[in-house]
Amino acid sequence: ALDSPVEAPATSAPVEPTVEATVTEPAVEPTAVEVTEEAAPTSTPVGKLEPLSIETASQIYAAAIRQMYGVEHSFGGDPPEFPLVFIRSITDDGSQLYAPVTPPQKLTTALQQAIATELADQPFEIFWVESIDELPSEEAGGIKIAEGQGIFITPGNIMPQEDGTVQLPFYMLCGTLCLSGKTYVLEQIDGAWQVTGSVGAEVMG
């Protein structure tokens, strides 16, 4: 806006009022600059959830349970063949390894039943619980276990990767000094999902 006009002093000749113009620079919006950087290696999986069929999801979870129960049970040698397996029905990517990368999800009843069907040939009975506090157990060093006869599994969310594999955080607890956790990499080989490796942090005790 211009300043108010200023009256000229009385002279014999009219004098035009002098107005000092104020120039205001227009506001300039910052220009977005696209910076492309090579992704740095990460110790945690990339959080990406995609809809999966119950059949596919159940096969992936069952493969991870078989691996954790029968191979990476932290006992060495033959698996202990715990008769009871308690599985948390609410996912947790953290699994005490690192901060969750996807929000917790409730495993549906249909998915729970499909997982149990996939594991029908295993030597254990499955119980679904929402929390470790639901285990019918005694205190053992501050950690509740099913009278030394069972394990507690906390699954994470299945995260499909661009190369066709999936990543799945997984954690097993079977006592005060009996635990195992990692993020599995699973791949479909000859029509069956199999654990082919792991990424990121691991815990073993």
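Residues are numbered from 1 along each chain as its sequence is written, and side-chain values use heavy atoms, with hydrogens and water left out. Since the model is predicted, local features need a pLDDT of at least 70 and side-chain atom pairs count only at pLDDT 80 or more, while totals for chains, interfaces and linings use all residues.

Helices (H or I, at least four residues) and strands (E, at least two) are DSSP runs, numbered from the N terminus. H1 covers residues 54-70 and H2 covers 109-118. Two packed helices are described by the angle between their axes and the distance between the axes. Here the angle is about 50° and the axes are 8 Å apart; axes are lines fitted to C-alpha atoms, for helices over the stretch in contact, with angles running from 0 to 180 degrees between N-to-C directions. H1 and H2 are therefore oblique to each other (angles under 35 degrees count as roughly parallel, over 145 as roughly antiparallel, 65 to 115 as roughly perpendicular and the rest as oblique). Their crossing is right-handed, a label used if the near helix is turned clockwise from the far one by less than a right angle, with anticlockwise giving left-handed. On the H1 side, the contact (heavy atoms within 4.5 Å) involves Ile-54, Ala-57, Ser-58, Gln-59, Tyr-61, Ala-62, Ile-65 and Arg-66. H2 answers with Ala-110, Leu-111, Ala-114, Ile-115 and Glu-118.

Tyr-61 and Ile-65 turn up again in the largest nonpolar core, which has 31 residues. A nonpolar core is a set of buried Ala, Val, Leu, Ile, Met, Phe, Trp, Tyr and Cys residues joined through side-chain atoms within 4.5 Å. Buried means under 20% relative accessible area, exposed over 50%, and partly exposed in between (1.4 Å probe, protein chains only). Alongside Tyr-61 and Ile-65, the residues with the most contacts inside this core are Ile-151, Leu-168, Phe-170 and Leu-186. Two or more residues come from each of H1, E1, H2, E5 (150-155), E7 (166-175), E8 (178-189) and E9 (192-204), and H1 gives the most, with nine. Leu-168 shows how these parts meet: leaving out residues up to four places away in sequence, Leu-168 touches Ile-60, Tyr-61, Ala-64, Gly-156, Asn-157, Ile-158, Lys-182, Thr-183, Tyr-184 and Leu-186.

Charged side chains come next. A salt bridge is a side-chain nitrogen of Lys or Arg within 4 Å of a carboxyl oxygen of Asp or Glu, and the count comes to three. One of them joins Arg-66 and Asp-121, at 3.1 Å from N to O. This pair links distant parts of the chain, 55 residues apart, with Arg-66 in H1 and Asp-121 in the loop between H2 and strand E2 (125-129). Arg-66 is partly exposed at 32% relative accessibility, whereas Asp-121 is exposed at 56%. Another bridge pairs Lys-106 with Glu-130, the closest N and O atoms being 3.0 Å apart. Here too distant parts of the chain are linked, 24 residues apart: Lys-106 sits in the loop between strand E1 (84-88) and H2, and Glu-130 in the loop between E2 and strand E3 (138-140). Lys-106 is partly exposed at 47%, and Glu-130 is partly exposed at 39%. In the bridge between Asp-92 and Arg-88, the closest N and O atoms are 3.9 Å apart. Asp-92 has a relative accessible area of 23% and Arg-88 one of 22%.

Phe-127 and Arg-88 are 39 residues apart in sequence, yet 8.6 Å apart in space, C-alpha to C-alpha. Beyond its neighbours within four places in sequence, Phe-127 is in contact with Leu-84, Val-85, Phe-86 and Ile-87. Phe-127 is partly exposed, at 31%.

Ser-198 lies in E9 and is partly exposed, at 30%. Ser-198 and Tyr-184 are 14 residues apart in sequence and 4.3 Å apart in space, C-alpha to C-alpha. Asp-190 belongs to the loop between E8 and E9 and is exposed, at 81%. Its phi is near 55°, a positive value in a residue other than glycine.
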